[in-house]
Amino acid sequence: MVNVKSWMSKNAVVVFLLIIVVAFSLASPTFLTMGNLINVTSQMSINALLATGITFVIITGGIDISLGSVAAFAGIFSAFVGLRFPNMSTGSSLLIQVGSAIVIGGICGLFNGMMITRFRVVPMIATLAMMTMARGFAYVVTGGQPVYGLSNNFAWLGAGRILPTEDMQLGVIPIITLFTIVVVVLMHILLTKTVFGRHVYAVGSNESVAHLSGINVKNVKLRVHILCSIMAALGGVCVASRLNNGQPASCDGYEMFAIASTVLGGTSLTGGSGSVARAMMGVAIIAIINNGMNLLQVSSYWQKVITGLIILFAVIVDMAQKNQKN
């Protein structure tokens, strides 16, 4: 009995995920259909990319609220690049557009990291500035209008599928889901199997001890912010590809979903603990709740209220666990 309680305490997020799956399965007959489950995995992809990046930042004890704006700006930049090369093959087109977005993400992350590590600006303020600037740039370069006229090759990443069947002739597995799985697995390996990953945990646990141990704390923080913005940029490319155009207003509020998913998965806001794998559990919970509420035709206004409550709940649980350890 004690072991069951201990397991449930350590895996509360898994238990909660199972509970909401059962609840929505009973409430909506379409929830567990193949088409809807594929839709859920596709919807999870963008948030999964952003949550993976912010997990690194939060483990170091930082925060980044510029993710949504960086994603929108990178998506628009990749759309403009796509307009310059309309006749390229699908592979070449995606390579150039994704690569250009990564460059933009890297620059934004470098700015955040430099402000935080070199000029000692509080992470919330530094990333707030980037959030405002990136969204502003997105509107300036587009004049507030969507970027249309992209090749259909670009849409393959966000809307394409493979493995067609008799019932699903467009394909069963979304390309965006496969792309996300590959990126998330690579990031998980980076965090758990490399020296850099160990340094990320060390910095988040105790900066002073990490510094005395010979770890370049500023360099680690700079790199995690660059990594975080690059992941946001990848999310922005996926959004632009799914829409097959660049929208300056896209990805608004995505940073809150990413942070909520990460904390819900067990990553502590005070740093030092967490994992990409558990962040994916939080992403799944947010996606399933949103999908379930859509199926039950819950008002979009109430969906925002419920999402806010989930964020609050995740923070309260995080603080309670931290106090218990202390």
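Predicted model: local features only at pLDDT ≥ 70, side-chain atom pairs only at ≥ 80, totals over all residues.
Student: Let's start with Ser 241. Is Ser 241 buried or exposed?

Tutor: First find the residue: Ser 241 is part of helix H11, which covers residues 217-243. Its relative accessibility is 0%, and the cut-off for buried is under 20%. So Ser 241 counts as buried.

Student: Which backbone oxygen lies 2.4 Å from a polar atom of the Ser 241 side chain?

Tutor: Check the contacts of Ser 241 beyond four places in sequence: they are Phe 154, Ala 155, Trp 156, Leu 157 and Gly 158. One of these supplies the oxygen at 2.4 Å from the serine side chain, and that residue is Phe 154.

Student: Moving along, where is Asn 245?

Tutor: Among the residues that Asn 245 touches, leaving out those up to four places away in sequence, are Pro 146, Val 147 and Tyr 148. With 7% relative accessible area, Asn 245 is buried. As for its place, Asn 245 sits in the loop between H11 and helix H12 (254-264).

Student: And which backbone oxygen does the side chain of Asn 245 reach?

Tutor: Here we want a polar contact, and the cut-off for one is 3.5 Å. The side chain of Asn 245 gets to 3.1 Å from the backbone oxygen of Leu 243.

Student: What is phi of Cys 251 near?

Tutor: Cys 251 is in the loop between H11 and H12, and at 4% relative accessibility it counts as buried. Asn 244 is placed in the loop between H11 and H12 too, with a positive phi near 55°. Cys 251 also has a positive phi although it isn't glycine, and its value is near 65°.

Student: Okay, charges now. Which side chain meets Lys 221 in a salt bridge?

Tutor: Side chains of opposite charge can pair when their charged atoms come close. The count for this model is one salt bridge. In it, the N to O distance is 2.6 Å, and the partner of Lys 221 is Glu 207.

Student: How many residues apart are Lys 221 and Glu 207?

Tutor: The salt bridge joins the side chains of Lys 221 and Glu 207. Lys 221 is in helix H11 and Glu 207 is in helix H10 (residues 207-212), so the pair links distant parts of the chain. Their separation is 14 residues.

Student: What does Met 280 touch?

Tutor: Met 280 is one of the core residues that touch the most other members. Skip the residues up to four places away in sequence, and its contacts are Met 44, Ala 48, Ala 51, Thr 52 and Val 184.

Student: Which helix gives the largest share of the nonpolar patch on the surface?

Tutor: The patch includes Ile 162, Leu 178 and Val 185, and its members have about 670 Å² of accessible area together. Ile 162 belongs to strand S1 (residues 161-162) and is partly exposed at 31%. The largest share, six residues, is from helix H8.

Student: How far apart in space are Ala 27 and Gly 292?

Tutor: Ala 27 is in helix H2 (residues 12-27), and at 45% relative accessible area it is partly exposed. In sequence, Ala 27 and Gly 292 are 265 residues apart. In space, C-alpha to C-alpha, their separation is 8.6 Å.

Student: Last one: how far apart in space are Gly 274 and Gly 106?

Tutor: Gly 274 is in the loop between H12 and helix H13 (276-295), and it counts as buried at 18% relative accessibility. In sequence, Gly 274 and Gly 106 are 168 residues apart. From C-alpha to C-alpha, the distance is 23 Å.

Technical notes: Residues numbered from 1 in each chain as written. Heavy atoms only, no water. Helix = DSSP H or I, 4+ residues; strand = E, 2+ residues; numbered from the N terminus. Buried < 20%, exposed > 50% of the residue type's maximum accessible area, 1.4 Å probe, protein only. Polar contact = N/O pair within 3.5 Å; in protein donor to acceptor, adjacent residues only side chain to side chain. Contact = heavy atoms within 4.5 Å. Patch = residues over 30% accessible without salt bridge, like charges linked within 9 Å, V, L, I, M, F, W, Y side chains within 5 Å. Areas by Shrake-Rupley, 256 points an atom, 1.4 Å probe, with all protein chains shown as cover. Salt bridge = Lys/Arg side-chain N within 4 Å of Asp/Glu carboxyl O. Core = buried A, V, L, I, M, F, W, Y, C linked by side-chain atoms within 4.5 Å.
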